[in-house]
Amino acid sequence: MTEYRNIKIPVPLADIIDGLIQGGEYSSRAEYVKEAIRNDLRKRGLLGGS
């Protein structure tokens with residue numbers, strides 16, 4: 001079972017992400033944040049994959 005942590009983000013950033021969700025690019029804030037984190041970790045060479 002995967003454990004989760006909560007994070008806080010500023011309202012203006014959440015509003016931008018919500019716009020992406022409303023536009024159909026993401027299904028949730030969590031999906032966006034996970035993708036952003038994975039992309040950053042890959043860029044830093046800390047996570048495998050393309």
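Modeller: Let us start with a definition: the expected span of a helix is 1.5 Å times one less than its number of residues. Please keep in mind that this is a predicted model.

Biologist: Thanks! How far apart are the end C-alpha atoms of α1?

Modeller: Helix α1 has 12 residues, and at 1.5 Å a residue these should span 16 Å. The model agrees with that expectation, because the end C-alpha atoms of α1 are separated by 16 Å.

Biologist: And what does helix α2 reach from its first C-alpha to its last?

Modeller: Helix α2 covers residues 29–43, which makes 15 residues. At 1.5 Å a residue, 21 Å is expected. The reach found in the model is close to that, at 21 Å.

Biologist: What share of the residues counts as buried?

Modeller: Buried means under 20% relative accessible area. The accessible surface of the whole chain is about 4600 Å², and 53% of it belongs to carbon and sulfur atoms. Of the 50 residues, the buried share is 8%.

Biologist: Which residues is A14 in contact with, leaving aside neighbours within four places in sequence?

Modeller: E35 lies 21 residues from A14 in sequence, and their C-alpha atoms are 15 Å apart in space. With neighbours within four places set aside, the contacts of A14 are I9 and R29.

Biologist: What relative accessible area does D15 have?

Modeller: D15 also has its place in helix α1. D15 is partly exposed, a class that runs between the 20% and 50% cut-offs. Its relative accessible area is 48%.

Biologist: Where is the place of S28?

Modeller: S28 counts as partly exposed, at 26% relative accessibility. Its C-alpha atom is separated by 21 Å from that of R42, 14 residues apart along the chain. The place of S28 is the loop between α1 and α2.

Biologist: Which residue with a positive phi follows α2?

Modeller: Helix α1 is followed by G24, whose phi is positive, near 85 degrees. After α2 comes a residue with a phi near 75 degrees, and that residue is G45.

Biologist: Finally, how far apart are the centres of the positive and negative side chains?

Modeller: The chain has 8 positive side chains and 7 negative ones. The centres of these two sets are separated by 7 Å.

Definitions and conventions
Residues are numbered from 1 along each chain as its sequence is written. This is a predicted model: local features need pLDDT of at least 70, side-chain atom pairs count only at pLDDT 80 or more; totals for chains, interfaces and linings use all residues. Side-chain values use heavy atoms; hydrogens and water are left out. Buried means under 20% relative accessible area, exposed over 50%, partly exposed in between (1.4 Å probe, protein chains only). Accessible areas come from the Shrake-Rupley method with a 1.4 Å probe; for residues, only the protein chains shown count as cover. Lys and Arg count as positive and Asp and Glu as negative; His and the chain ends are not counted. The place of a charge is taken as NZ of Lys, CZ of Arg, CG of Asp or CD of Glu. Contact means heavy atoms within 4.5 Å. Helices (H or I, at least four residues) and strands (E, at least two) are DSSP runs, numbered from the N terminus.
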